[in-house]
Amino acid sequence: PIDQVQEQKLNEMMERLTTDEMDIAARASYEYLLLEQQSLSKLTQQQTITYAKQLALRFLKAKMGNVDKALLRLKETLVFRREQDLDTLRLCLNDPSTLQQGGEEVDEEKETESSDEEDSDDEEEGGDDEEEEENGDAANETKKENIDEEETDAPRNHLYAKKCAQMRMELTEQLRFKSVYVHGFDQEGRSTYIFIPRKVQSHDPDWTLKQHLYTLERAIACSRAPDRTVNAIVDFAGFSMANHAPPTAIGQQFMVTFRNHYAGAVHRIFVLNAPTSFWCLWSLFKPLVAIQTRAKIIFVNTPLPNIGPIHNNKDILHDHYDPDQINESMMEGGLARDFSVNEYLYKTPFDRAFDDVRRDESENLL
């Protein structure tokens with residue numbers, strides 16, 4: 001719940017956003033993005049403000065209620081979201097033919113048939129008087145304007161479909177190694193962002209970040225928790241510094257992005273099975289991790305400096321997850337299915353975690 005002081009500060013932030021910035025902020029909510037795509041008319045300004053406030057609230061909380069600092073970080077994030085084209089990244093696995101780019105989709109066959117019928121009628125009636133000729137000229141002018149609009153939209157829709165196809169191909173290529181995905185919910189409904197570094201095969205300058213952006217955006221869209229926060233599980237079993245550690249520049253980009261643009265999105269981070277060599281990596285990137293985020297990290301079955309060989313809390317995941325939500329490779333007694341890339345990308349909606357749909361269908365049959 002938002003108190004009166006927060007509401008006033010959020011209203012002030014909204015007043016200092018441009019219309020374009022407010023639209024981008026609202027579309028950070030996948031629910032709003034879908035509403036916008038599926039609606040035949042423009043959403044109301046109040047709807048836009050309501051959803052824009054959801055993103056603004058994260059930064060307001062992260063900056064301890066300081067409106068100026070929160071607004072600055074929010075505006076930086078809106079620029080980032082546009083540059084990364086996160087709207088298309090989230091929608092690219094939808095059927096492009098069902099999306100309404102630039103307003104209501106035009107049925108070209110229907111429009112062509114309608115135009116042919118009107119042309120035929122004009123030839124038969126032949127303009128019996130001057131008034132009908134003037135009306136006919138006006139109708140033809142309107143028709144010409146509509147055709148011009150269709151011709152303007154056609155290249156844009158074609159380019160959008162092409163961009164979606166390119167993103168689908170890149171996502172499939174990156175995610176086929178099963179190193180990062182959304183699977184399972186904790187007992188409070190938070191979705192789980194899973195990252196398995198040992199399965200990383202390469203580090204692409206652009207798509208190493210984009211695949212994680214896709215996954216975190218999807219986890220947020222899936223979350224059932226009232227605050228829409230998510231958990232992260234990072235399983236370092238089998239990790240090798242030589243084979244799996246990212247280049248320093250890519251690792252820094254990753255850390256800075258999540259710190260600057262996803263404030264308050266993560267509730268808890270479980271680091272599993274990290275080897276001793278992990279601490280070399282941690283010492284390099286720790287300064288880029290916000291102090292509040294560090295407090296959310298729980299090390300599981302991991303040797304900790306100055307504590308002993310093993311931090312004996314390997315069963316802690318049982319305190320947060322039911323067995324059917326976690327795979328056995330990460331939690332003893334876990335019953336969750338093994339991950340399938342094709343099912344995840346092409347048979348599961350963006351706002352559902354892997355195996356979520358099948359589990360719901362099975363429960364409905366009981």
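Trp207 is buried, at a relative accessible area of 9%; buried means under 20%, exposed over 50% and partly exposed in between, for a 1.4 Å probe and protein chains only. The model is predicted: local features need pLDDT of at least 70, side-chain atom pairs count only at pLDDT 80 or more, and totals for chains, interfaces and linings use all residues. Residues are numbered from 1 along each chain as its sequence is written, and side-chain values use heavy atoms, with hydrogens and water left out.

Trp207 belongs to helix α9, residues 207-222. Helices (H or I, at least four residues) and strands (E, at least two) are DSSP runs, numbered from the N terminus. Beyond its neighbours within four places in sequence, Trp207 touches Leu89, Met167, Glu170, Leu171 and Gln174. Contact here means heavy atoms within 4.5 Å. Glu170 lies 37 residues from Trp207 along the chain, yet their C-alpha atoms are 7.6 Å apart.

The chain as a whole contains 15 helices and 5 strands. Of its 366 residues, 43% count as buried. Among contacts between residues at least 6 apart in sequence, 73% join residues at least 24 apart.

The 5 strands form an open sheet of mixed pairing, in the order β1-β2-β3-β4-β5. Strands are taken to pair if DSSP finds at least two bridges between them. The edges are β1 (180-185) and β5 (297-300); each has a single partner strand, so one side of each lacks a neighbour in the sheet. From one strand to the next, the twist averages 25 degrees.

Strand β4 spans residues 266-272 and pairs with β5 in the parallel sense over 4 bridges. In this pairing, Phe270 stands opposite Ile298 of β5. β4 also pairs with β3 in the parallel sense, over 6 bridges. There, Val230 stands opposite Val266 of β4. β4 is mostly covered, with 5 of its 7 residues buried. In a regular strand, side chains alternate between the two faces of the sheet.

Helix α9, which holds Trp207, lies across β1, β2 (191-195) and β3 (230-235). α9 runs at about 20 degrees to β1. Axes are lines fitted to C-alpha atoms, for helices over the stretch in contact, and angles run from 0 to 180 degrees between N-to-C directions.

A helix pair was also examined. Two packed helices are described by the angle between their axes and the distance between the axes. Helix α4 (residues 45-62) packs on helix α5 (residues 67-84) at about 130 degrees, with the axes 8 Å apart. α4 and α5 are therefore oblique to each other; angles under 35 degrees count as roughly parallel, over 145 as roughly antiparallel, 65 to 115 as roughly perpendicular and the rest as oblique. Their crossing is right-handed, meaning that the near helix is turned clockwise from the far one by less than a right angle, with anticlockwise giving left-handed. On the α4 side, Leu55, Ala56, Phe59 and Leu60 take part. They meet Val67, Ala70, Arg73, Leu74, Thr77 and Leu78 of α5. By class, this contact has 8 nonpolar, 1 polar and 1 charged residues. Ala, Val, Leu, Ile, Met, Phe, Trp, Tyr, Cys and Pro count as nonpolar, Asp, Glu, Lys and Arg as charged, and the others, Gly among them, as polar.

Two loop residues have positive phi values. Asn301, not a glycine, has a phi of about 50 degrees. Asn301 sits in the loop between β5 and α14 (341-346) and is partly exposed at 30% relative accessibility. Asp355, also a residue other than glycine, has a phi near 75 degrees. Asp355 lies in the loop between α14 and α15 (356-365) and counts as buried at 2% relative accessibility.
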